[in-house]
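Welcome, and please open the model in your viewer. Let's walk through it one selection at a time.

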Amino acid sequence: MTKNKFYVTTPIYYVNDAPHIGHAYTTILADVLSRFHRALGDDTFFLTGLDEHGQKVQQAAEKRGLQPQAHCDELAPRFMDLWKKLGISNDDFIRTTEARHQGVVQAILQKVYDSGAIYQKEYEGLYSVAEERFITEKEAESGQFREVKTIKEKNYFFKMSQYQERLIKYIDDNPGFIRPEHRKNEMLGFLRQPLTDLCISRPKSRLSWGIEIPFDRDYVTYVWFDALINYISAIGYGSDEAKFRRWWPGVHLIGKDILTTHSIYWTTMLFALGLPLPEAIFAHGWWLMGDSKMSKSLGNVVRPLDLIEQHGVDAVRYYLMSEMILGADANFTPENFIKRYNSDLANDFGNLLNRVSGLIGKNHGGIIPAALEPTPAEEEVARSGRVLVPRVEALVREYKVDEVLNEVMNLIRQVNKYMEAQAPWKLAKTDLPAAGRVLYTATEALRLAAVLLKPVMPEKAATVLAILGVPDSGLAWGELKSGLALPAFPPLFPRIEVEKKV
RNA sequence: CGCGGGGUGGAGCAGCCUGGUAGCUCGUCAGGCUCAUAACCUGAAGGCCGUACGUUCAAAUCGUACCCCCGCAACCA
């Protein structure tokens with residue numbers, strides 16, 4: 001069987017933003033997918049990073065009396081540290097101010113310019129002097145902008161419009177390209193209207209903190225030809241062709257807010273470069289806070305660090321991955337978090353581990369019993385375990401992490417039922433080996449579940465596997481070893497007592 | 001008539017393409033078990049599947065109309 005390749009990216013986050021649950025979600029999702037693909041034996045590369053140019057950075061730096069670069073250097077660790085704490089296993093971290101990126105951006109601008117797909121044009125629009133930026137007519141009507149006047153400015157434009165038909169055809173021909181399905185339709189709807197060309201520059205007089213346009217030193221390039229290119233500059237485009245060919249094209253995980261940017265701007269840029277389009281662009285939903293959007297003004301921004309400190313990284317990762325249904329918006333509430341933690345992790349998974357190990361300790365001298373010949377009851381559990389693995393693999397390839405978790409929890413629930421039906425605590429009194437057979441089977445199911453949960457909960461899964469004495473065991477049924485001694489251990493996921501929390 | 005997505009027991013979702021006893025998780029109630037983190041197991045209550053017509057022996061599932069919610073280009077995942 002040929003090895004698959006998996007290159008996954010998150011957006012590069014804007015360095016001025018305070019990292020919030022949304023950033024954490026996308027990044028954890030990318031991490032979980034990466035870990036799954038690695039576990040499946042795929043050649044995997046996971047990229048995330050920061051977008052460090054632009055007006056807001058320039059202004060914020062000025063306000064603090066710092067050089068923009070110094071400002072960025074100070075802010076960047078907020079993200080890097082958070083990813084470390086969240087157990088993010090990215091293979092690279094790109095910052096758009098790095099030389100390796102800037103050089104590629106300039107080379108690309110030059111190349112596209114030489115091909116005739118970039119031209120200069122005078123642009124007229126509404127400009128807010130107070131805000132120092134162009135505003136839309138709608139914004140002007142809102143009356144929230146002072147000193148609005150019409151000004152003319154020369155800028156460079158990318159001939160995005162010329163790729164419209166080609167892009168429509170591509171999207172039609174590649175059903176898995178934009179996911180989920182309804183987002184694809186949204187984009188096709190968008191493409192029914194004539195595409196305009198894309199303004200890709202800013203005069204330095206207005207914005208100096210950016211990458212200089214190689215064919216006109218009075219300008220810097222504006223966001224698109226800077227930020228989006230990170231996806232290829234990081235993997236060696238223009239500098240390491242072998243590396244680039246190894247990884248490109250990749251899968252872009254994004255929030256639904258930047259779907260147009262990716263599925264239209266970025267893809268037409270790739271057309272202009274003669275490069276293959278991404279393998280997939282997957283847009284997920286937003287986290288709402290109790291039905292309202294998360295916002296600073298409402299004071300309902302959830303800080304990932306607070307959650308980690310309270311409940312541990314793995315619980316947070318599990319919650320975020322299980323609670324957001326593929327592609328839809330999800331609702332974050334502390335009550336929800338506690339409910340899911342208690343029912344899935346504490347009551348089902350953690351508690352099952354406890355009851356099984358407790359019985360082994362009490363009746364079998366703390367030694368994992370022999371598997372023996374399976375009866376139909378064991379066969380049924382084993383079959384569920386065997387069927388689960390390919391099922392999970394298929395779901396992972398469809399980005400359906402929430403369903404993966406549900407499937408694994410179903411196995412755990414089934415084992416709880418199996419325990420109830422077999423009652424090894426009773427069996428032990430009449431037929432000790434038979435009780436052992438039941439406990440072996442239940443423990444093996446737990447082991448397999450832990451292996452499958454490892455990408456989502458690396459620490460907790462490793463703990464379980466270490467307890468079972470098979471830290472490196474894999475996805476085949478029956479890798480649990482009889483005869484090993486089980487150490488004592490504290491509850492894996494202690495229940496969160498609601499009374500105390502409220 | 002701009003486009004797209006959605007409206008399924010208290011909550012969140014599946015089912016709809018390939019019509020035929022409405023399923024899952026959580027919550028509620030009752031019972032069981034007592035190995036376990038007051039956990040686990042079983043059972044029950046609770047739905048006119050947004051509304052109205054239509055097709056059909058039969059519609060949550062197909063068709064038509066309507067109502068309601070959400071999203072739809074400039075840097076918020």
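This is a predicted model: local features need pLDDT of at least 70, side-chain atom pairs count only at pLDDT 80 or more; totals for chains, interfaces and linings use all residues.

**Stop 1: the RNA.** Select RNA strand B and show what surrounds it. You will find 52 residues there, and the closest are His 23, Tyr 222, Gly 255, Asn 351 and Arg 355. By class, this surface has 20 nonpolar, 17 polar and 15 charged residues.

**Stop 2: individual contacts.** Now zoom in on Arg 355, where a polar side-chain atom lies 2.5 Å from a base nitrogen of RNA strand B. Next pick Gly 350: a polar atom of its backbone is 3.2 Å from a base oxygen of the RNA strand. Then move to Lys 362, whose side chain has an N or O atom 3.4 Å from a sugar or linking oxygen of RNA strand B. Which elements give two or more residues to this surface? They are strands E1 (5-14) and E12 (251-255), together with helices H1 (21-39), H7 (181-190), H14 (334-363), H16 (401-422) and H17 (424-430). Colour H14 to see the largest share, 11 residues.

**Stop 3: the cores.** Select Met 321 and Phe 349. Within the largest nonpolar core, which has 106 residues, these two touch the most other members. Helix H18 (residues 432-453) gives this core its largest share, 14 residues. A second, separate core has 58 residues, including Ile 118, Leu 195, Ala 272 and Ile 281. Go back to Met 321 and display its contacts; among them are Tyr 25, Ile 28, Val 401 and Val 456.

**Stop 4: cis peptide bonds.** Select Arg 179 and Pro 180, which are joined by a cis peptide bond with omega about -10°. Pro 180 is in the loop between strand E7 (178-179) and H7. Another cis bond runs from Trp 248 to Pro 249, with omega near 0°. Look for Pro 249 in the loop between helix H10 (241-247) and E12.

**Stop 5: positive phi.** Leu 372 sits in the loop between H14 and helix H15 (376-397). Its phi is near 60°, a positive value in a residue other than glycine. Finish at Tyr 399, in the loop between H15 and H16, where phi is about 70° although the residue is not a glycine. Are these two buried or partly exposed? Leu 372 counts as partly exposed because its relative accessibility is 43%, whereas Tyr 399 is buried, at 7%.

Key. Residues are numbered from 1 along each chain as its sequence is written. Chains are lettered from A and ligands numbered from 1 in the order in which they are written. Side-chain values use heavy atoms; hydrogens and water are left out. A nonpolar core is a set of buried Ala, Val, Leu, Ile, Met, Phe, Trp, Tyr and Cys residues joined through side-chain atoms within 4.5 Å. Buried means under 20% relative accessible area, exposed over 50%, partly exposed in between (1.4 Å probe, protein chains only). Helices (H or I, at least four residues) and strands (E, at least two) are DSSP runs, numbered from the N terminus. Contact means heavy atoms within 4.5 Å. A residue is near a molecule or strand if one of its heavy atoms lies within 4 Å of it. A polar contact is a pair of N or O atoms within 3.5 Å; within protein, one must be able to donate a hydrogen and the other to accept it, and residues adjacent in sequence count only if both atoms are side-chain atoms. Ala, Val, Leu, Ile, Met, Phe, Trp, Tyr, Cys and Pro count as nonpolar, Asp, Glu, Lys and Arg as charged, and the others, Gly among them, as polar. Lists of a residue's contacts leave out its neighbours within four places in sequence.
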